[in-house]
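Work through the exercises below with the structure open. Each task is followed by a solution in steps.

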Amino acid sequence: YPLIWNLTRFHPFWALIEMTMGIVAVRNVMLDTPEDRKKEAVDPIYYFVAAYSTLLLRLTQFDFNDAMIRATLFVPLYTK
């Protein structure tokens, strides 16, 4: 039902939850220990490929939408 999706997707409460999730992820990355800073960084091509592979996931039989992709792939991918 598109109407229910729009009410849920653009509701201020869920937008607040989504923003809070992003802020926590950013703070988690910013608070690295000195040992974590010495580790070699991940090649950005992996993140690029992951971002563009989500376009293919939308075309599969699973029919992932942007909220499902963000919650299941990108939040775990960009956090530790």
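**Exercise 1.** Give the order of the secondary structure elements in this predicted model.

Solution. Read from the N terminus, the elements follow the order α-α-α-α-α. The tally is five helices and zero strands.

**Exercise 2.** State what share of the residues counts as buried, and what supplies the exposed area.

Solution. Buried means under 20% relative accessible area. By that cut-off, 5% of the 80 residues are buried. The protein exposes about 6,900 Å², and 70% of this comes from carbon and sulfur atoms.

**Exercise 3.** Find the aromatic pairs and classify their geometry.

Solution. Ring centres must lie within 6.5 Å. The count under this rule is one aromatic pair. Its members are Phe 48 and Tyr 52, with 4.8 Å centre to centre and 50 degrees between the planes. Planes under 30 degrees apart would be stacked and over 60 edge-to-face, so the pair is tilted. As for sequence position, Phe 48 and Tyr 52 are four residues apart in helix α4 (residues 44-59), which means a separation of about one helical turn.

**Exercise 4.** Which residues form a nonpolar patch on the surface?

Solution. The patch consists of Val 42, Ile 45, Tyr 46, Phe 48, Val 49, Tyr 52 and Leu 55, and together they have about 740 Å² of accessible area. Membership requires over 30% relative accessible area.

**Exercise 5.** Of the contacts with a separation of 6 or more, what share joins residues 24 or more positions apart?

Solution. Such residues account for 53% of those contacts.

Methods
Residues are numbered from 1 along each chain as its sequence is written. This is a predicted model: local features need pLDDT of at least 70, side-chain atom pairs count only at pLDDT 80 or more; totals for chains, interfaces and linings use all residues. Side-chain values use heavy atoms; hydrogens and water are left out. Rings of Phe, Tyr and Trp (its six-membered ring) pair if their centres lie within 6.5 Å; planes under 30 degrees apart count as stacked, over 60 as edge-to-face and the rest as tilted. Helices (H or I, at least four residues) and strands (E, at least two) are DSSP runs, numbered from the N terminus. Patches are made of residues with over 30% relative accessible area and no salt bridge: like charges are joined within 9 Å, nonpolar side chains (Val, Leu, Ile, Met, Phe, Trp, Tyr) within 5 Å. Accessible areas come from the Shrake-Rupley method with a 1.4 Å probe; for residues, only the protein chains shown count as cover. A salt bridge is a side-chain nitrogen of Lys or Arg within 4 Å of a carboxyl oxygen of Asp or Glu. Buried means under 20% relative accessible area, exposed over 50%, partly exposed in between (1.4 Å probe, protein chains only). Contact means heavy atoms within 4.5 Å.
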